[in-house]
Amino acid sequence: MAFKLLNDRDAGEVVTILEREYKDAHYYLNFKTPIDLVVAAILSAQTHDDVVNATTQVLFSKYKTAKDYANAKPEDVINIVKKVSFAGNKAKNIINTCKAIEKNYGGKVPDRMEQLVELPGIGRKTANTILINAYGIVEGIPVDTWVIKLSYRIGLSGNKDPEKIEQDLMKTIVKKYWHNWAYVMKAHGKKICQSIVPVCSKCPIGPNSTNKICPRNGVTKSA
Ligand code: SF4
């Protein structure tokens, strides 16, 4: 079936309904400082949140500043993060990112998008996450795998490229929701719009809801 993009009115309604449904959704990784957040965000790619939080509990007790990580021995960091996927690469990115933060920004995590995306292992998704959660600066919407999958199903974007999806979402979603949208999508994906078989019958925008807004793009099997 052809992809169906929601019109602005329906998209606005979807956003309002899901924001209300998941009003407690929030960023899920533990951190206290911007540098903690950089490290946690690098470790989080393709790794379960609980594994990242268990790993950073140990890591953060040993390393506190960009300088600490910049001077760390790679084998020591790898040993602590070994349960995280791609541990070797991520440990290298953490150390190299912290070296760059130490050298170029005096140890302070930069608060500008164009500076963050220059750091090793930090793309636009992670940069948005850092800006929002460390500094309260909302420039865009973090586009992770949940946002990619659900934006397509719900008809908020027909694009596959994360940056194009972000542009589509920024045109459709009012700015006051940008900071939390990725966490709303994740909560909805885990509870209802599950990856393999979405539970459309219980969905607040699904075929049994009063609004029946969701076009369910690409859904061939649902519960
Ligand atoms: S109706 Fe189905 S596909 Fe659409 S958001 Fe709900 S669970 Fe996902």
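## A buried charged pair

Select Lys186 and Asp49, both of which are buried. This is a predicted model, so all distances here are computed from it. The two residues form a salt bridge, with 2.9 Å between the closest N and O atoms. Lys186 belongs to helix α11 and Asp49 to helix α3, so the pair ties together parts that are 137 residues apart in sequence.

Stay on Asp49. Its relative accessibility is 10%, and it counts as buried because the cut-off for that class is under 20%. A polar contact of 2.9 Å also joins its side chain to that of Lys186. Now show what surrounds Asp49: apart from neighbours within four places in sequence, Asp49 is in contact with Tyr28, Leu29, Lys186 and Lys190.

## The two domains

Next, colour the chain by domain. Domain 1 is made of two segments, 8–25 and 142–202, while domain 2 is residues 34–135. Their C-alpha centres are 26 Å apart. Nine residues of domain 1 and eight residues of domain 2 make the contact.

How much area do domain 1 and domain 2 bury between them? The figure is about 690 Å², with 49% of it on carbon and sulfur atoms. To see where the domain 1 share comes from, select Pro142, Glu166 and Tyr183. These three supply 49% of the area that domain 1 buries against domain 2, more than any other three residues.

## Across the interface

Keep both domains in view and turn to the polar links. Two salt bridges cross the interface of domain 1 and domain 2. The count of residue pairs in polar contact between the domains is four.

Which helices each supply at least two residues of the side of domain 1 that touches domain 2? They are α10, residues 162–172, and α11, residues 178–191. The largest share of that side, four residues, comes from α11. Sorted by class, the side of domain 1 that touches domain 2 holds three nonpolar residues, one polar residue and five charged residues.

## Glu166 and Arg124

Select Glu166 and Arg124. Side chains of opposite charge can pair when their charged atoms come close. Here the closest N and O atoms of the salt bridge are 2.6 Å apart. The pair links distant parts of the chain: Glu166 sits in helix α10 and Arg124 in helix α8, which spans residues 124–135, and the two are 42 residues apart.

Arg124, with 23%, is partly exposed.

## Arg9 and Asp10

The structure holds four salt bridges. Another one to select is the pair Asp10 and Arg9, whose closest N and O atoms are 3.6 Å apart. Arg9 counts as exposed, at 61%.

## The loop between α10 and α11

Move to Tyr177, which lies in the loop between α10 and α11. Tyr177 has 18% relative accessibility and counts as buried, because that class takes in values under 20%. Leaving aside neighbours within four places in sequence, its contacts are Val15 and Glu19.

For a sense of scale, draw a distance from the C-alpha of Tyr177 to that of His48. The two residues are 129 residues apart in sequence and 25 Å apart in space.

## Last stop: Val58

Finish in helix α3, residues 49–62, where Val58 is found. Asp49, from the opening stop, is found in helix α3 as well. Val58 is partly exposed, with a relative accessibility of 46%. Select Val81 together with Val58 and draw the C-alpha distance: the two are 23 residues apart along the chain and separated by 9.0 Å.

Notes. Residues numbered from 1 in each chain as written. Predicted model: local features only at pLDDT ≥ 70, side-chain atom pairs only at ≥ 80, totals over all residues. Heavy atoms only, no water. Domains from an automatic or database assignment. Contact = heavy atoms within 4.5 Å. Buried area = accessible area lost by both parts, 1.4 Å probe. Salt bridge = Lys/Arg side-chain N within 4 Å of Asp/Glu carboxyl O. Polar contact = N/O pair within 3.5 Å; in protein donor to acceptor, adjacent residues only side chain to side chain. Nonpolar A, V, L, I, M, F, W, Y, C, P; charged D, E, K, R; others polar. Buried < 20%, exposed > 50% of the residue type's maximum accessible area, 1.4 Å probe, protein only.
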